[in-house]
Amino acid sequence: MADTIRDASGTDSAGEDTGTERETGVHSTSTSTEVETRSEAPGTAVVRPDAIPNPGFPPERLRVTDLDPREEKKAERAVSLWFGLGIFGAIAAVAVYVAFPLGNGDPDVNRWTTFGIGMGIALGLLGIGFGAVHWSKSLMEGHDLVEQRHTTRGSEETRARAVEVFSLGNKESGFSRRKMIRNSMIAALVAFPLPGIVLFRGLAPREDPNELLKFTMWKKGTRLTRDPSGTPIKASEVTIGSAFHVIPEGLNETEDRLEEKAKAAVLLMRLRPQDLTISSGRESWSYDGIVAYSKICTHVGCPVALYEQQTHHLLCPCHQSQFDITREATVIFGPAKRPLPQLPIMVDDQGYLVARSDFREPVGPSFWERENS
Amino acid sequence: MTIDTQGPVTTTHGQERAEDASVVGRMANYLDERTSLSGAVKFLGRKIFPDHWSFMLGEVALYSFVVILLSGTFLTFFFQASMSEVQYDGSYIPMKGVEMSAALQSTLNISFDVRGGLLIRQVHYWAALLFVASIGLHMLRVFFTGAFRKPRELNWVVGFLLFVMAMAEGFTGYSLPDDLLSGNGLRIIDGMVKGLPVVGTWISYLLFGGEFPGTDIVGRLYTLHILLLPAIVVALIGIHMVLLIINKHTQFAGPGRTNDNVVGVPIMPVFAAKAGGFFFIVFGVLMLVAATVTINPIWNYGPYDPSPVSAGTQPDWYIGFADGALRLVPPGWEFLIGPYTVSMNIIVPVLALLVLLGAVAAYPFFEAWVTGDRREHHIADRPRNAPTRTAIGAAGLTFYAALWAAASSDIVATHFRLSIESVIHLCQALLIAGPFVAFFVTKRVCLALQKKDREIALHGFESGRIVRLPGGEYIEVHQPLSEYERWRLVSYEDYQPIMLRPDRRGRITAGMRARARVSNWFFEDRISPVSRPELEASQHH
């Protein structure tokens, strides 16, 4: 390798080196004749005989540290100083670590240890970094060297031997002659990963997800309760213009609280009854202007948590789908397609809001088999 | 007898040599006699690396990955990848007694009860953001300088895979603390997966081990995050580096530099010192940022709950383009085929992302097909000298930027007091029209810069010195270039459009027609480099 590396700085030697290049331009120096005899097509590139020739290496520019011994001494001291700062930084980090024990929950102490240890480590690292780079730039032998490239492809000899190896392999094994062996082996290789793929069925429980996605915790008579406290809501507490974040009663006590909540979360609002457009079949789903809609966006399932009281619009903060509550949560903007499913509600004999039934359709994001379930 | 005499002789020889050598020399000898290490040193030690600031971008990526590995290993000693419910009993008072997963509790413990734990968490996070960012910038550098051309097409693909893996690593890591934000991110993934036709419901079900969110996902993502994905990344980096050594680095055109040499500094010592020092600088800067800038303060967000979400939440920057793609779908893109729901509002953005990524991966092969150029290229282009490629890059970047901006549509709207709808519409317009405008403008700018280069190469710089001639005429003196300065402006590849000619059998196939059309589109506007006769003519004036 070393013999192909030449010094690019000395003007005289570089001039000789690039003598051939001077005549022929960038893409055809003496070493690339091999490429050309192999006729690597230039495609639609324009190969110019009258191109301006490569002028060869410019004379080297010496650094101040090359010219002035005092500058050299100064650079040497600077490099050592950086390394010294590195040592100081590392020790300072250890000192801060020892000086500030944690665990009393005081965020200030936490902030200061993070800051102190971090600054110490940073100084330790930057000292080494700046020192090494300064050393390399100001003191190490700085002029450019030249290394020849060789074409990436193997030599003709090597390639011929590689071809020979494969044909010997083929001949000695009979790979392409014994077709039955070859084909049955390929078939076996195709078959063997199948059990591995099947094993992944075990990632999920045995139930059909479509059955699970169909239902939520809500059923007839389930009380609407506040999220997260779980206290029931009286119809009389819901004033016009107010909105409640709602979960079904008993949710906090369930085993799979988050899975149930991800389907059963509801937003409860009261509008003036005359503002509501109610389609046929849903007349009994609301109570005196109080309506309940799934809080889980029909786009990709974020909670549609922002209620705009004046316009009665619900906004999903994730992707800005907007739903108009006065028109049964129809989508008026954004990527969602379907309205939020409505939870039919009524009032029980103690005046508490309860569900009339579960949702009549799957809640949350769309999925392929949705209409089936 | 002979054996006896020869024995001691060789021993004394060996001893003599060992005594001559220093401790280092003896150790090197020991190693080499068992590993042939001297061959590797001989091969690599004085390899030449060309120098340019933009070549550091890939180094930044590599070094931030090392920082990620170091800090991530520390974090694994404390993190518990479990979603079992616990009551928080750590030292952060506002969260005392809150029900949360063990994952979140251990993350809070790392932040509040492990000395320096928060620092390492933050350095891990910042390094991850820098990792993806530097890969992206490195890819842009490679793209705009044409460094993906033969023989480096495959290494481009390896690098592309690294970019995808880095994003996957980022997202899996983002999801691990099981706080409100990461849970919401997973909710969006769940919704996207469910929206895929035929297999979506089942993939989501298998991924989450049941219904969303389940109790498995954090553990599973953890395995991906610390085992499978890092192994793939390390393997790909290995391939990337080996190919870098085989192909040698590209260099920019300069006097003395040709397509057949590499001009620069040797690995030992200058490049080793510079690159090694640069590793410490990258690490040090990341530490500085981690020590001073809080990131992902999970203690403010609390545990994941499917019900609350705070407005104005943002994904990590590299996921932004995917989130933005979801936001830009107009209303109503969902329909039924028989009993099945087809969610085009999911499928189209997913396809758009896949097409964008696929185009990035395939570009080198496309350009090779257009130019038909089978030569090796080791001189990096200046972007202006490949106007159509640069314009394509700018168009792609604009497309990406529009998606990315859309991910912050709500923040943009509140910050600039615009309506959310208008910001979305603006991003939609930008997504469709932006790439065309960017293409046109970039190409014109490139051609204009090439013309300017020609002017300067032929007539020199405008010196600003006004001279009055004896006849009273005023002229500005042009400062001629040295031949070294000129070389940079005149040495570039020039392609012309294909001439559509029948092949040997006298046919013109549809493929040939297509290639001719694309080639024409690519190269119809071109500025040739200054030739020797032109230069001589200009110097005679």
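The buried residues of helix α9(B) are Gly200(B), Thr201(B), Trp202(B), Ser204(B), Tyr205(B), Leu207(B) and Phe208(B). That is seven of the nine residues in α9(B), which spans residues 200–208, so the helix is largely enclosed by the rest of the structure. The model is predicted. Chains A and B touch, with 100 residues of chain A and 118 residues of chain B taking part.

**Around helix α9 of chain B**

**Where the chains meet**

- The contact draws 118 residues from chain B and 100 residues from chain A.
- On the side of chain B that touches chain A, helix α11 (residues 267–292) of chain B gives the most, with 16 residues.
- That side of chain B has 59 nonpolar residues, 34 polar and 25 charged.
- Strands also link the chains: β2 (residues 145–148) of chain A is joined by four bridges to β5 (residues 261–266) of chain B.
- The two strands run antiparallel.
- Within this pairing, Glu147(A) has Val262(B) of β5(B) as its bridge partner.

**A helix pair in chain B**

- Helix α7 (residues 153–175) and helix α14 (residues 344–371) of chain B have axes that come within 10 Å.
- Those axes cross at roughly 175°, so α7(B) is roughly antiparallel to α14(B).
- From α7(B), the contact is made by Glu153(B), Trp156(B), Val157(B), Phe160(B) and Val164(B).
- From α14(B), Leu357(B), Val360(B), Ala361(B), Pro364(B), Phe365(B) and Ala368(B) make the contact.
- By class, the residues of this contact are ten nonpolar, no polar and one charged.
- An α-helix has 3.6 residues a turn, so residues three or four places apart point the same way.

**Chain A in outline**

- Chain A has 373 residues, and buried residues make up 36% of them.
- Its secondary structure has eleven helices and twelve strands.
- Chain A is divided into domain 1 (64–146), domain 2 (156–200) and domain 3 (212–372).
- The C-alpha centres of domain 1 and domain 2 of chain A lie 56 Å apart.
- Of the contacts in chain A between residues at least 6 apart in sequence, 61% join residues at least 24 apart.

Note on methods:
Residues are numbered from 1 along each chain as its sequence is written. Chains are lettered from A and ligands numbered from 1 in the order in which they are written. This is a predicted model: local features need pLDDT of at least 70, side-chain atom pairs count only at pLDDT 80 or more; totals for chains, interfaces and linings use all residues. Two residues are in contact if their C-beta atoms, placed from the backbone, lie within 7 Å. Ala, Val, Leu, Ile, Met, Phe, Trp, Tyr, Cys and Pro count as nonpolar, Asp, Glu, Lys and Arg as charged, and the others, Gly among them, as polar. Two strands pair if DSSP finds at least two bridges between them. Domain bounds come from an automatic or database domain assignment. A residue is buried if 20 or more other C-beta atoms lie within 10 Å of its own, exposed if 12 or fewer, and partly exposed in between; C-beta atoms are placed from the backbone. Axes are lines fitted to C-alpha atoms, for helices over the stretch in contact, and angles run from 0 to 180 degrees between N-to-C directions. Angles under 35 degrees count as roughly parallel, over 145 as roughly antiparallel, 65 to 115 as roughly perpendicular and the rest as oblique.
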